[in-house]
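Please read it alongside the sequence and the structure.

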Amino acid sequence: MIVLPILYSFRRCPYAIRARYTLAFLNVSVRLREVVLKSKPDALLALGGRSSVPQLMDCDGTRYPESLDIMFWALSKTKSNELTQQLWPNCTQTKIKIQTWIRYNDSTFKYWLDRYKYADRHPAHSEAYYRGKGEVFLKRLEARLSKTPFLLGEAESLADIAIFPFIRQFAAVNQNWFDSSPYRQVRLWLRYFIDAARFKSTVMVKHTAWRTEEDDVLFPTV
Ligand SMILES: N[C@@H](CCC(=O)N[C@@H](CS)C(=O)NCC(=O)O)C(=O)O
């Protein structure tokens, strides 16, 4: 396999999904290593420090231990200026808006999502209570997506890509509830991402657990 950066990833992890989606969108190639969280490979543990996924090791040895770092790394590597401008426009106001959306998702929404997903582990409140807390974000998304098809306008930006994997998880906790909830625009927006060929045939393709360099998978494949 040609020398490429290494991406440690876990198929279902929403952070890893947003990193892989960005790499696929920008057509930036890596060697993908599928990690089993309960049995992390020695090569990942040997890096020291945190061993969460996704993590990217660039060819020059630079380590990117956070999904957002990997997304910005991909923006710095893509050959397409047009796609870079689409995801992360050269406009301070827009950048602040993107960061604000992502910050709320990664802090407050993620906090309630985890409690909604595992309500039995958080008996202080009911599942419906935790869902209601998460719905605060769904309401904001719905209001925004009622005006434009994506969070920042007519085209998907880094904000949409960073957030949709978490809404996917929220929807999956009780799919019937989500499908009949008042968040129609959020449903359409989520469908746009998860029904796309890029998602099904590239981002979410199943790979066996990585053990040795021979198991490295070229990602994205095309
Ligand atoms: N802030 C990190 C969070 C990554 C994260 O929490 N990943 C989870 C899987 S979804 C994980 O690796 N958990 C196992 C661990 O932390 O050791 C990022 O943005 O990449």
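**Domain layout and packing**

The C-alpha centres of domain 1 and domain 2 lie 23 Å apart in this model, which is predicted. The domain assignment places residues 6-84 together with 200-219 in domain 1, and residues 89-198 in domain 2. The points below take up the contact between these domains, the annotated spans, the cores and the cysteines.

**Between the domains**

**Annotated spans**

- UniProt, in an unreviewed entry, lists "domain: GST N-terminal" for residues 3-82; this span is 38% helix and 18% strand, and its end C-alpha atoms lie 26 Å apart.
- The annotation "domain: GST C-terminal", also from UniProt and marked as an unreviewed entry, covers residues 91-219; over these residues the chain is 65% helix and 2% strand, with the end C-alpha atoms 30 Å apart.

**Nonpolar cores**

- The largest nonpolar core contains 57 residues, and those with the most contacts inside it are Phe-109, Phe-164, Ile-167 and Trp-189.
- Helix H7, which spans residues 158-173, supplies the largest share of this core with ten residues, while domain 1 and domain 2 each contribute at least three residues to it.
- Leaving aside residues up to four places away in sequence, Trp-189 touches Leu-145, Pro-149, Phe-150, Leu-151, Asp-160, Ile-163, Phe-164 and Ile-167.

**Cysteines**

- The count of disulfides in the model is zero, where a disulfide would require a pair of cysteine sulfur atoms within 2.5 Å.
- Is Cys-13 buried or exposed? Cys-13 counts as buried because its relative accessible area is 9%, which is under the 20% cut-off.
- Cys-91, by contrast, counts as partly exposed because its relative accessibility is 32%, a value that falls between the 20% and 50% limits.

Technical notes
Residues numbered from 1 in each chain as written. Predicted model: local features only at pLDDT ≥ 70, side-chain atom pairs only at ≥ 80, totals over all residues. Heavy atoms only, no water. UniProt positions renumbered as here; feature names shortened; annotations may be inferred. Helix = DSSP H or I, 4+ residues; strand = E, 2+ residues; numbered from the N terminus. Buried < 20%, exposed > 50% of the residue type's maximum accessible area, 1.4 Å probe, protein only. Core = buried A, V, L, I, M, F, W, Y, C linked by side-chain atoms within 4.5 Å. Domains from an automatic or database assignment. Contact = heavy atoms within 4.5 Å.
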